[in-house]
Amino acid sequence: MSVSPIEDSSQLVTGTDPGLSRGLPLTGPGEDEAGLYTFSQQVDSWVVRTSKPVSYEIRIRDDLFGLSRTDLFDAGAAPEGRIRRFVVIDADVDLLHGDRIRAYLDHHDAEYEICVVPANETLKDFDTAARIVREIDAFGIDRRREPVIVIGGGVLMDIVGLVGSLYRRGTPFVRVPTTLIGLVDAGVGAKTGVNFNGHKNRLGTYFPAELTLLDRAFLATLDRRHIGNGLAEILKIALIKDARLFDLLEQYGPVLLEEKFQGLSERGDLVAEEVLRRAIHGMLEELQPNLWEAKLERTVDYGHTFSPTVEMRALPELLHGEAVCVDMALTTVLGWRRGLISAEDRDRVLAVMRGLELPSWDPLLDDPSLLTAALQDTVRHRNGKQRLPLPHGIGGAVFVNDVTEDEITRAVRDLRELGSARSGTHV
């Protein structure tokens, strides 16, 4: 941003059009023009407009911790001496993979400190973030050349992302997601956050990791429920924008669940790769043009209108993806009641949820005040409008702003009569 020198405080200064006569009123810059502007002959008001390019990479890399791999060290400046890294690892991941990760770091002669953190939604708070900051301080890092590494699920990546955005006003970090929801959702966007005052992600920032490395081998050690948890976010992308992805889940969802995306059969391997790539690419297509959420009508908010409140009230009974799935089931019925989706497609959606062993119902839906409060909180979050995405067929979405309490109550009644996807029985 170039700025003309201020020779006299009574003169008009602009850094974008040196041809302007000083002392004349400025007609006004375009909204996207960078520069420093004043708006009166006696300079007593300034507008600074600048921009910062954002670039981050998501890379699929099988066998990430194979000794010949160096992807983990690609972010950050080339070291003049030993590689130094502060590494935050989920406590469960450390039990399963910690020895191999340490052997990898030792093989590359890295100087490192490993911070082991128990991470779940009940511990996703500022106290956990502060503990990590204290340990970073104790280790000491060059904040530009030594990015923090986080290895774990979506909860831990959100916490460490927040730490990175705050520590010395911005310290790069590298993500290694170890859950399916991390690979396809939490690990590919720019959001960070912790829960606060009973609300999900009430404190947070936009701060993408410099590099995210995806290794589906981690999924082999997850239990079925956590595979299903991630499949819920994949189903979200399918419902709002990718009918082909929905067809794959409809046909092969139980195989993916059983094989944990490890490709134990030839067909399962091909399907696993396509499903992961379509889900990640679809998510990034939605995020890239609107990374900072300047536009509040976001199709990826499908399933995230009622679920934040339901999830926090249900803790620890519902995982994040499970709460999202309950929300998607309810809004699928809302869409059907409005004629946006046929009864046949509604039933296909609920059947896929059942095949993925995901819930379409939770007893909390029987509390109308909870759903009303959830919608009111969402309206505040979305700048005074519902901006509620509803499915339009399978593979499309529309936004509405006029959902009523009575409409929600009727949809809850219909969903209850359709039965629970998880149990396959009426509730």
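**Reading burial, strands and salt bridges**

Visitor: What do buried, partly exposed and exposed mean?

Guide: Buried is under 20% relative accessible area, exposed is over 50%, and partly exposed lies in between, with a 1.4 Å probe and protein chains only. This is a predicted model, in which local features need pLDDT of at least 70 and side-chain atom pairs count only at pLDDT 80 or more, while totals for chains, interfaces and linings use all residues. Residues are numbered from 1 along each chain as its sequence is written, and side-chain values use heavy atoms, with hydrogens and water left out.

Visitor: How do I read a salt bridge, and which residue does E407 meet in one?

Guide: Side chains of opposite charge can pair when their charged atoms come close. The cut-off for a salt bridge is a side-chain nitrogen of Lys or Arg within 4 Å of a carboxyl oxygen of Asp or Glu. E407 meets R338 in this way, at 2.6 Å from N to O. Helices here are DSSP runs of H or I with at least four residues, strands are runs of E with at least two, and both are numbered from the N terminus. E407 counts as buried, because its relative accessibility is 13%.

Visitor: How many salt bridges does a search of the whole structure find?

Guide: The search finds 42. One of them joins D242 and R278, at 2.9 Å from N to O. D242 sits in the loop between α5 and α6 (243-259) and R278 in helix α7, 36 residues apart. D242 is buried at 10% relative accessibility, whereas R278 is partly exposed at 30%.

Visitor: Which residues are linked with D71 in a network of salt bridges?

Guide: The network holds E57, R59, R61, D71 and D74. Within it, the side chains of D71 and R61 meet at 2.9 Å, N to O. Both residues lie in the loop between β3 and β4, ten residues apart. D71 is buried, with a relative accessible area of 6%, and R61 is partly exposed at 25%.

Visitor: Where does D215 lie, and what is its nearest side chain of opposite charge?

Guide: D215 is in the loop between β10 and α5 (224-241). For this test Lys and Arg are positive and Asp and Glu negative, with His and the chain ends not counted. D215 is buried but has no salt bridge, and R100, the nearest side chain of opposite charge, is 5.3 Å away. The D215 side chain does reach the backbone nitrogen of A217, at 3.0 Å.

Visitor: What is the strand order in the open sheet?

Guide: Two strands pair if DSSP finds at least two bridges between them. The open sheet has six strands in the order β3-β10-β7-β6-β4-β5, with parallel pairing. β3 (57-60) and β5 (111-117) are at the edges with a single partner strand each, so one side of each has no neighbour in the sheet. At the β5 end, seven bridges join β5 to β4 (residues 84-90), and I89 stands opposite V116.

Visitor: How many of the residues of β7 are buried, and which way do they point?

Guide: Five of the five residues of β7 (residues 173-177) are buried. F173, R175 and P177 point one way, and V174 and V176 point the other way. Five bridges join β7 to β6 (residues 148-152) in the parallel sense, with V150 as a bridge partner of R175. Between β6 and β7 the chain passes through helix α3 (residues 154-166), and this β-α-β crossover is right-handed: with the strands pointing away from the viewer, the path from the first strand over the helix to the second runs clockwise. β7 also pairs with β10 (residues 211-214), over two parallel bridges. There, T212 is the bridge partner of R175.

Methods
A polar contact is a pair of N or O atoms within 3.5 Å; within protein, one must be able to donate a hydrogen and the other to accept it, and residues adjacent in sequence count only if both atoms are side-chain atoms.
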